[in-house]
Amino acid sequence: MDGNADIRGQVMLMRAVIGRKIMEIDEFEEKATNLTGDDAEKCLDMIDFLKKDVMGYKTIIEDLKDGSNDLTGDLWDIASLPENSLHLYTDFYLPSLSDEDREEDTKAMDIKVKYAQDLAKAYVMHIGRMALTDPGVIDRILANEELVYLIGSAVLDMPDLLEAIEKQL
């Protein structure tokens with residue numbers, strides 16, 4: 001499967017998941033009006049989670065739909081499963097889904113996790129490149145023994161870089 005077809009498939013999957021989650025939000029909103037106490041709170045928490053989940057998928061789709069996969073999304077939007085909601089997702093939400101919906105949700109969540117990891121890595125690399133090209137930041141790095149040590153350790157692990165430095169000595 002070529003990259004564009006794969007991206008198209010991912011976008012179609014996420015759009016299907018978004019549609020289902022929007023309907024689930026409506027269902028939880030209706031349930032919440034008829035419940036009180038912890039049950040109502042659980043429905044409201046699910047509504048909040050589902051809205052954030054949909055926002056995360058929409059962010060990824062916006063980035064992927066042109067086929068560029070340029071990792072311009074907002075990591076905050078994408079990482080919609082805060083640690084305190086993990087039990088809600090795994091113990092309440094996933095078991096409530098049909099096998100087919102659970103499989104679809106798991107595949108979509110895998111895409112979201114991979115995208116978030118790639119986005120975080122791209123951000124760190126961007127910051128690293130900016131730091132290595134800004135003379136003011138380079139001066140600050142050189143003044144920080146811990147950073148110089150980390151860079152030196154990394155260079156020692158890369159024979160081609162070490163060789164280039166040794167040629168200058």
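Is Tyr89 buried or exposed? At 6% relative accessibility, Tyr89 is buried (under 20% relative accessible area; exposed is over 50%, partly exposed in between; 1.4 Å probe, protein chains only).

1. Basis. This is a predicted model: local features need pLDDT of at least 70, side-chain atom pairs count only at pLDDT 80 or more, and totals for chains, interfaces and linings use all residues. Residues are numbered from 1 along each chain as its sequence is written, and side-chain values use heavy atoms, without hydrogens or water.

2. Fold elements. The chain has eight helices and zero strands. Helices (H or I, at least four residues) and strands (E, at least two) are DSSP runs, numbered from the N terminus. Of the 169 residues in the chain, 28% are buried.

3. Aromatic pairs. The whole structure holds four aromatic pairs. One of them joins Tyr89 and Tyr93, and it is stacked: 5.8 Å centre to centre, 25° between the planes. Rings of Phe, Tyr and Trp (its six-membered ring) pair if their centres lie within 6.5 Å; planes under 30 degrees apart are stacked, over 60 edge-to-face, the rest tilted.

4. Setting of the pair. Both tyrosines belong to helix α4 (residues 86-96). They are four residues apart, so about one helical turn separates them. Tyr93 is also buried, at 1% relative accessibility.

5. A charge over a ring. The charged end of Lys112 sits over the ring of Tyr57, 4.4 Å from its centre. The test is NZ of Lys or CZ of Arg within 6 Å of the ring centre and within 35 degrees of the ring normal.
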